[in-house]
Amino acid sequence: MTADFVDALVADQPAGSGPVLRLLGDVRVSHGSRWYDVPEGSKRLLVYVALHRRRLDRGHAAATLWPDAPDARAAGNLRSALWRLNQAHVGLIGVDRHHLAFRPGVLVDIDLVTAWAGRLIAGRPAGADLSALPTGGILFDLLPGWYDDWVLTERERVRQRVLHGMEAMSRHLLTTGRCAEAVEVALTAAGAEPLRESAQRVLLEAHLAEGNWVEGRRGLDTYRRLLARELDMEPDPCLDELLDAYPRARPAATADREPASSISAMS
């Protein structure tokens with residue numbers, strides 16, 4: 001489950017860490033064991049501040065979030081959104097006369113996830129990085145149903161970062177002998193983007209490391225058919241070379257052997 005994976009990353013933070021804004025799935029806030037629902041009229045403001053990760057001009061934020069409203073009305077909408085957040089005990093945003101930004105200590109789940117991926121890509125996993133397995137399609141789909149330009153750009157950035165991180169995680173798991181988990185992670189990455197050749201390669205490597213040449217052959221054949229149907233292409237020859245180089249046992253040669261009954265008759 002995605003929530004379990006994010007919870008593991010949150011639990012690995014220093015003691016006394018602040019509230020966590022959850023953007024993978026519905027917009028919610030957690031702090032310790034408590035959960036807070038974000039008012040519908042304030043979600044876009046909270047997400048906008050989270051995705052921009054810097055101190056923002058209030059006027060610019062209001063004009064972006066309410067582009068069809070006059071400046072005075074947009075500013076009023078911003079004040080109302082902030083008031084609703086405070087009423088719901090979700091006071092994550094600090095404001096002054098001209099600017100707004102997250103208060104110190106606020107965590108955002110996608111920042112934790114992309115930091116996790118960065119450590120794995122760099123070859124420096126730490127803490128719980130290899131403990132919880134990232135599964136579930138929602139991990140790849142930031143704020144489904146949101147179509148603002150500033151969300152679409154961030155969605156693709158997170159998606160690519162997570163895919164690279166999962167490929168790296170599968171390889172790290174292989175180096176520690178955790179082949180079954182490596183296969184599971186690689187399957188999740190390949191399932192999220194079936195045409196992604198790097199994910200298919202990692203999955204093939206995991207199957208071979210586990211000793212399952214037939215699973216690797218089956219997976220590569222499925223990928224070959226998918227590529228041919230969707231893109232009229234063939235997989236990189238290096239994938240076949242991986243299979244060909246695998247030192248699998250050969251079938252016993254029986255053609256040149258005499259039947260046991262014949263041998264018995266001659267003796």
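Modeller: With a definition: two strands count as paired if DSSP finds at least two bridges between them. Keep in mind that this model is predicted. Here 3 strands form an open sheet in the order 4-6-5, with antiparallel pairing.

Biologist: How many bridges join strand 5 to strand 6?

Modeller: Strand 5 is joined to strand 6 (residues 99-102) by 3 bridges, and the two run antiparallel. As one case, Gly94 has Ala101 in strand 6 as its bridge partner.

Biologist: Which strands does helix 2 lie across?

Modeller: Helix 2 (residues 43-52) lies across strand 4, strand 5 and strand 6, and runs at about 75° to strand 6.

Biologist: At what angle do helix 2 and helix 3 pack?

Modeller: Helix 2 packs with helix 3 (residues 58-65) at an angle of about 125°, and their axes are 11 Å apart. Helix 2 is therefore oblique to helix 3. The crossing of helix 2 past helix 3 is right-handed.

Biologist: Which residues meet in the contact of helix 2 with helix 3?

Modeller: From helix 2, Arg44, Leu45 and Tyr48 meet His60, Ala61, Thr64 and Leu65 of helix 3. The residues of this contact divide into 4 nonpolar, 2 polar and 1 charged.

Key. Residues numbered from 1 in each chain as written. Predicted model: local features only at pLDDT ≥ 70, side-chain atom pairs only at ≥ 80, totals over all residues. Heavy atoms only, no water. Helix = DSSP H or I, 4+ residues; strand = E, 2+ residues; numbered from the N terminus. Contact = heavy atoms within 4.5 Å. Axes fitted to C-alpha atoms, helices over the stretch in contact; angles between N-to-C directions. Parallel < 35°, antiparallel > 145°, perpendicular 65-115°, else oblique. Left-handed = near helix turned anticlockwise from the far one by under 90°. Nonpolar A, V, L, I, M, F, W, Y, C, P; charged D, E, K, R; others polar.
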